[in-house]
Amino acid sequence: MAAAPALPVTVIGGYLGAGKTTLVNHLLRHAGGRRLAVLVNDFGALPIDADLIEGADGAVLAIAGGCVCCAYGSDLIEGLEAMAARRPRPDHVIVETSGVALPDAVAQSVQLLASYRRDAIIVVADIETTARQADDRYMGDTIRRQLAAADIVVASKADLAGEDTLAAAQEWLAGAAPHAAVLPAVRGALPPEALLGPPATGRLLLSRQAPHDAAWSSQAFAIDRPVDAERLAARLAEPAMGLVRAKGVLAGRAGPVALQVVGRRWEVTPAADTPAAGGGLVAIAVGAPLRSDAIHAAIAEATLAEA
Amino acid sequence: MFTIYPARRILTMNPARPEATHVAVRDGRVLGVGDLAELQVWGAHRIDDRFADLMLLPGLVEGHSHISEGVFWQSVYCGFFDRMDPDGKVWAGLPTIDAILARLAEAETALADPALPLSGWSLDPIYYGDRRIGRAELDRVSTDRPIGIMHASGHILSVNTRALELAGLLRPGLNHPGIPLGADGLPTGELKGPEAMMPAGRHCGFDREKQAGDERGLRQFARLCVRRGVTTATDLANLLPDDAVDMMLRVTGEAAFPARIVSFRRNYGLSMADLVARAAALRARSSDRLRLGGVKLFADGSIQGFSARLRWPGYLGGQPNGLWYIAPEQLTEAYERALAAGILVHTHTNGDEATDLALDCLEAALRRQAGPDHRFTLQHCQLGDPAQFRRMKALGMCVNLFPNHHFYWGDQHYETTLGPERAERMNACASALAAGVPMAMHSDAPVTPLGPLFTAWCAVNRRTASGRILGAAERIGVADALRAITLGAAYTLHLDGELGSIACGKRADFAVLEDDPTTIAPENLKDVRVWGTVQGGRVFAAADI
């Protein structure tokens, strides 16, 4: 039997009170058929909305929609192993860290387990308080280290800030999180496709109309000729492209590759095979229109000359 | 009927009657201490003169240890220094890596089942020219069974190839700061930090939660206590699930169990409200020999692991500042709730910034919630400075310093982590006493060996492993040191009214010594021989335990 594909893990970090829990609950409510597993640092500040909980079995909560939630305390690795062994297997694992944890350290630990792969680091930052907290005598460097590790920053409580404040906060966050796409959000209302990625590699159909507050768009691009995948990925990750994510399987220089862009970080890894229908990618933008022309141009630039 | 014990000399720690020749014991308590005539007024008695040539002190109190010291002795001792096991056997320190491997190989041949793991503990590479010990070395012992050796710090595990295979870590492409890679791109077998240790540790016999509930380990720990003159010892960071509490109540309640265990609930997996509520529920289950109801919090990590939070100028080598294990809001909330509920909180701080945070948070909590006689204690507090000690005093706090650490790792702090000035002020017992902070001191066993008289020697001499006198101005006198390991530690546990000195009405808990710690040369204090203990009026000779 072939080994199951590595489970994607999204780490959600950010300081106490930033809105991590709200974001996790939003993702659970809009899981869109994904079996999500959530590991939380503790059950004490129970992060899951009561109406989502179906039952508790020791340290594991069953959540509506077939999702589960488990407390890991200091034993993250044990929690992850238990999650990977569950049947049915989850599609995606979310790790909600403690407010003082460094999410990149958590992400590095995830990859100690062969059954997992790092998907992305999301850091939730309260628009009104984060810049001030980043100067706190005790916690300042921790908050800055959290932001610096982010692939996506969810700028929470955007509705409480005036337009000027919002713009200034976004600019500050972009500086503090140079590798991240910064997404303003109200009560965590962001499309799961942006936060967790398209449901499955190569699946190009996405709902056009999503039940979310934040305006977002996604578009599929067919790529039927071999491309310089690294060049394309680096281009898609540029801030000017305005993408939160891009993901696809396509023909690279030396065979099929998987391309993934999250925020400003990208990676290209060998893939088993190109989908029968030909290669392609899905790009997702939030808060601004998707720059379809620019993406087409990037694909054209990266397309390899016929051998 | 009661018993009068004549002794060579009795040091009571009671300033009103500091010395005596006889102590009377009835129903597990001290009926009186004085001369024979003073005690005979209580009526019919018998004289038991087995201590006639021995010294009696209050039973020693270890204010920061873990019962896992008893559990670790089920593994092979791999330390550099001589260390006594629960049977009283002194395992010779191992001077070379070859000697370590030879001891492991000997233990390996004694294991019949080839699938059984081989585990060792107390390895410290700094004593071997910083030569690392990884899978290349441990594979010389066995490539068939998993082998894991826990380092003395508790933060690093050395494993062989088989253990890496079982953990799924014998593969290229790992990118983790806790897993050094060899030239072949594979892990060298040193695993640093809990996340890196955990996947392989389980295959080598290291499973922390199982250790906490280990009945044999608890019994072994108590036997060690007798050999070290300890009648009350803390178990400072236990998860205390109900089944472990049931076991501990049963075992400590056995007629021949020789020590009192004070076990604190470690902060883990609960909100601060639930943690304090859990501690209160545990407190209600306390027995004489199992005291529950305290809470242990962690503010930061360790200095030698570069995870302690330091104030400016930070680490000597410019390493990034350490890690917080709790947010200020949570720490303040825990303090406030514990003050309201009368729950005792001990907080781990190592770096001076972590100590500042704990002080700030307790001060904030006390502004909102009165906590009469709270005795919240900072544990380790290794970089505490005089201003911090004065704040502790003002806030009603206690401190439990770590002189043993000074002996084992002081040189490393001097040379590598902190530099000379701050290394000299570590574990500043004299400054703490000068500021009037109630002070205890500890071994953190199994990190260093259980043994309050050794701890006292460390505080009195401040000698490091290399022979350096590190911070002569922070040395304390023998009398102060002896007080810290009896009444001082008892005070931090709210037990000083009950034990910690020898006086009418107190528990009949004695350390029985063959040498007089007040007349032996201070540089030999660690060599004072322990005959055994009296615990709750029951006599335990180390030779028979």
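Start by selecting helix 11 (residues 328–341) and helix 12 (residues 352–368) of chain B: their axes come within 8 Å and cross at roughly 45°. That angle makes helix 11 of chain B oblique to helix 12 of chain B (under 35 degrees is roughly parallel, over 145 roughly antiparallel, 65 to 115 roughly perpendicular, the rest oblique). Helices here are DSSP runs of H or I, at least four residues, numbered from the N terminus, and axes are lines fitted to C-alpha atoms over the stretch in contact, with angles from 0 to 180 degrees between N-to-C directions.

This is a predicted model, where local features need pLDDT of at least 70, side-chain atom pairs count only at pLDDT 80 or more, and totals for chains, interfaces and linings use all residues. Residues are numbered from 1 along each chain as its sequence is written, and side-chain values use heavy atoms, without hydrogens and water.

Now show the side chains where the two helices meet: B:P328, B:L331 and B:Y335 are among those in helix 11 of chain B, with B:L357, B:C361 and B:R368 among those in helix 12 of chain B (contact is heavy atoms within 4.5 Å).

Next, pick helix 8 (residues 215–227) and helix 9 (residues 242–252) of chain B, which pack at about 40° with axes 10 Å apart. Helix 8 of chain B is therefore oblique to helix 9 of chain B. B:E215, B:L218 and B:R219 of helix 8 of chain B touch residues including B:M247 and B:R250 of helix 9 of chain B.

Key. Chains are lettered from A and ligands numbered from 1 in the order in which they are written.
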